Amino acid sequence: LLVTEAKTTFTRVGDKNLTGLSCYQPDLNKFDTDPKTGKAKNKGKIFAYTVSKDLQLTKYDVTNFNERPRKMKYVRGGSKYIPEGKHEFENTTEGHCDEILTVAASPDGKYIVTGGRDRKLIVWSTEFLAPIKVIPTKDRHGEVLSLAFRKNSDQLYVACADFKIRTYSINQFSQLEILYGHHDIVIDISALAMERCVTVGARDR
């Protein structure tokens with residue numbers, strides 16, 4: 001990527017305090033066609049997903065860099081999603097009730113995963129932004145700070161404020177394991193194709 005050759009476009013969004021961004025370009029799928037034209041609906045499309053502190057997840061079409069990004073869909077959380085139970089495993093309402101801090105698009109383009117201060121992951125469908133599965137971290141300090149998918153895999157790495165790294169299989173909607181090693185909150189995480197991830201802590205240097 002040469003910065004001098006990069007194209008740019010911009011838009012002003014109505015969301016307050018954006019906290020995360022994830023992009024996805026769908027592969028050509030011969031079964032994903034428009035019934036009117038018979039052509040692939042998402043061929044050549046590039047989608048961007050943003051989250052914000054005002055509890056909103058938004059989907060944009062950013063394919064055409066000569067135009068402003070087009071807002072396609074959005075969903076918003078709120079106080080109606082505050083869990084009624086006092087136990088962490090009951091934190092399964094289908095929406096965010098506190099700040100959304102991070103977002104990640106799955107490599108196969110089926111899912112968007114969000115997480116934040118309400119200590120849970122929500123798996124959304126990319127097509128309709130409808131909640132599919134809610135996975136609580138089950139820890140009172142388990143705020144979700146960063147997400148990263150392993151390349152070409154459904155394996156998700158999650159950095160949390162309880163000093164832990166959690167791994168999930170998103171296709172199975174299940175937790176795989178918990179990794180330890182940090183002595184302070186894990187503020188960011190990244191991964192490539194191999195079965196490993198890189199994390200950065202806060203005050204544990």
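1. A charge is taken to sit over a ring if NZ of Lys or CZ of Arg is within 6 Å of the ring centre and within 35 degrees of the ring normal. On this criterion, the charged end of K59 sits over the ring of F47, 4.5 Å from its centre. The charged end of K71 likewise sits over the ring of Y74, at 5.3 Å from the ring centre.

2. The model is predicted: local features need pLDDT of at least 70, side-chain atom pairs count only at pLDDT 80 or more, and totals for chains, interfaces and linings use all residues. Residues are numbered from 1 along each chain as its sequence is written, and side-chain values use heavy atoms, with hydrogens and water left out.

3. Strand 11 (residues 165-169) and strand 12 (residues 174-179) run antiparallel and are joined by five bridges. Strands are DSSP runs of E, at least two residues, numbered from the N terminus; two of them pair if DSSP finds at least two bridges between them. Y168 has Q175 in strand 12 as its bridge partner.

4. The two strands form a hairpin with four residues between them, and F173 in the turn has a positive phi of about 55 degrees.

5. There is one aromatic pair (rings of Phe, Tyr and Trp, the last by its six-membered ring, with centres within 6.5 Å; planes under 30 degrees apart are stacked, over 60 edge-to-face, the rest tilted). Y111 and F173 form this edge-to-face pair, at 5.8 Å centre to centre with 70 degrees between the planes. Because Y111 lies in strand 6 (residues 111-116) and F173 in the loop between strand 11 and strand 12, the pair ties together parts that are 62 residues apart in sequence.

6. Y111 is buried, with a relative accessible area of 14%, whereas F173 is partly exposed at 24%. Buried means under 20% relative accessible area, exposed over 50%, and partly exposed in between (1.4 Å probe, protein chains only).
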